[in-house]
Amino acid sequence: MASKQRKRTASRKAGGVSGPARARAIGVQDKPEPETQQPVRNWLSTRSKWTYTLAPVLLAVLVSFNTMWNGWVADDHTQIRSNAQIRKLSNIPLSFTTSVWSYATGDDVLTIDTYYRPIFMALFTINYAIAGLAPWAWHLINLLIHAAATLLVFFTIKELTSRLEIASLTAALFAVHPVHAESVAWVSGITDPLTALFLLPAFWFYLRFRKTGQKKLLILVAVFYLLALFGKETALALPLVIAYCELFHFKERAPLKVRVIGAVLLPALLIAPTAVYLAMRYVTLKGALFGTGPRYPMAYAMMTVPLAILKYLKLMFLPWGQSYQHYTDFVSSIGASRFLLPLAGVLVVVAAIVLTRSRLFIFGSVWFIVFLAPALASMRQFDPEYLLQDRYLYLPSIGFCLGLALMIDWLAQRWGRKAGIAAAVVLLAAYSVADVRQNGMWKDGQTIFENCVDTDPTSHEAHLSIGRIYYELGRVRDGEEHALKALELAPASPNPYLLLAYFARTTGKLDKSIDYLERGIAAVPETPITRFKLATMYLNLGLLKAQTKNLAEAEHHMLRSIEVWPRSTGWLSVGLFYFEQGRYEEALAMFLKTRSSVPERYALIHVRLGQVYDKLGQIANARAEYQRYLDLSPDASDSGIVKGRLSALAQ
């Protein structure tokens, strides 16, 4: 008996587990962090522990307070002002069975979306019930959510490190970092802060479980993880972070075999909520789990990853350069300097992190890259101007801010309290000033895109964006000047030709519009990057040729468009062309092709099918399609006409 007791004691001294139940589970124990076993001087001293807790929250409120003077920007106009679905609290359950753009029943592009964010839409419904369409109130809610996320960052890092000053400094840096302006100052950018409200508690409950061994905490981990998934799919990265913690971060707390078991079993507990989420997403999006099809080659996206990582790190380190657009061309060759140099840079960064031999610093780095990974993986779905987005850094930045806090702590431990405080004050002040400035850039569409031009004057996409805004505001000459500047900067890009053709068409200059499109088709080479916009140019040219009664050329260009890029918009346009020419069988074929590629809620295809069935004498089919259209769009401007025709067919 004494021999067995000595063996158990020796096992615990060797890094075994605390408590037989926890030993059988995953080997957790109450030992402090290896890096905090030695006495560490508390250089950021304060009389009240609440100061550590509340100071970051107060900073978050103060620095983001000027967002309340902002208005609606970009998606706000459609997702909030034009969204009838959010105007009834009874529609909240619909948020869990419909996609973000489900209300856009008249737009075939918006209806084919893969954004499943039920808690985001539920929040908007609640916001509308509270605030109506008062922008300041919506911005106040965003501010409060960011403040709450900052508080959760504090508690999470405190639980991880057991050090109040590290937790407080990490949360303070998080509170004021200017890269968060897009998520806080833009109402529709709230998805990441909203997700943080559930993701951070899930991780906190995991950390508590490791310290206490209370298995009921695992239920809370799973529940909050599921809620985080309903906020945004980025939460899928959490099981990887937990697996890393089990295998590496807490490696001195248990032997390898126990750590491997923990790295498998704990993430496995999240399989059930993951399956629930994926099943609901699959049903809601009609099988399109994470995309309706790649826009750009996977190889190009993978080769662009090192460049994207370095650009994201630059945005985190430097308190300027935040923008709605960070134009980034895809890397198309593995031998290109745009791939090799960033790859070397990433390897240097990784080596430097490893050489720190700081478990907390390495954890922060792993958190950063794991939660950034979903954004990196989805780059092939986005155009170059939106390849990188500030808001994708909201959750990853927690790891980065932890790293900065550890660096300041290192400075204070070696150079004294004054050096640490000075470094913290300078960094917080610089970030705060930049954050306040960037918040103001989200005042309206004009300011945000003017900032894009100021941030990167050589970006032709930035000039196109502000040119479009100026044109819509009636500043026609300014809009055209920026579009021409974009053409000068990128003569082989399709977008300047498309915008200039649009400007000409809206002013009735069809010949000039045709000329821009023909010039663009001649100047832009067809590549995996340009083919989508080339297809759009062909389609627009075909529509203009039809207006000028050049029907043969019109059909040629339209068919060329759907050859380059087979898609619902192209098929629908060709179908309408055939319908107008009385070629009803050909129109029906195109309309049926369109219906097979769009969600059932896309109302317009049903009225088009009703019209062509009507012309072909297929009365039953025509009545069914007309009725479906009225069900989906009862308030459409032409609903009276459709009702009249439906009544006529019933006689």
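This short talk concerns the aromatic rings of the structure shown above.

The model is predicted, so local features need pLDDT of at least 70 and side-chain atom pairs count only at pLDDT 80 or more, while totals for chains, interfaces and linings use all residues. Residues are numbered from 1 along each chain as its sequence is written, and side-chain values use heavy atoms, with hydrogens and water left out.

A search of the whole structure gives 33 aromatic pairs. Rings of Phe, Tyr and Trp (its six-membered ring) pair if their centres lie within 6.5 Å; planes under 30 degrees apart are stacked, over 60 edge-to-face, and the rest tilted.

One of these is the tilted pair of Phe-205 and Phe-224, with 5.6 Å between centres and 40° between planes. Phe-205 belongs to helix H10 (residues 191–212) and Phe-224 to helix H11 (residues 216–231), so the pair ties together parts 19 residues apart in sequence. Helices here are DSSP runs (H or I, at least four residues), numbered from the N terminus. Phe-205 is buried, at 14% relative accessible area, whereas Phe-224 is partly exposed at 22%. Buried means under 20%, exposed over 50%, and partly exposed in between, with a 1.4 Å probe and protein chains only.

Tyr-296 and Phe-330 also form a tilted pair, 5.0 Å centre to centre with 40° between the planes. Tyr-296 is buried at 4%, and Phe-330 is buried at 8%.

Finally, I turn to charges over rings. The charged end of Arg-210 sits over the ring of Phe-250, 4.2 Å from its centre. The criterion is NZ of Lys or CZ of Arg within 6 Å of the ring centre and within 35 degrees of the ring normal.

Note on methods:
Helix = DSSP H or I, 4+ residues; strand = E, 2+ residues; numbered from the N terminus.
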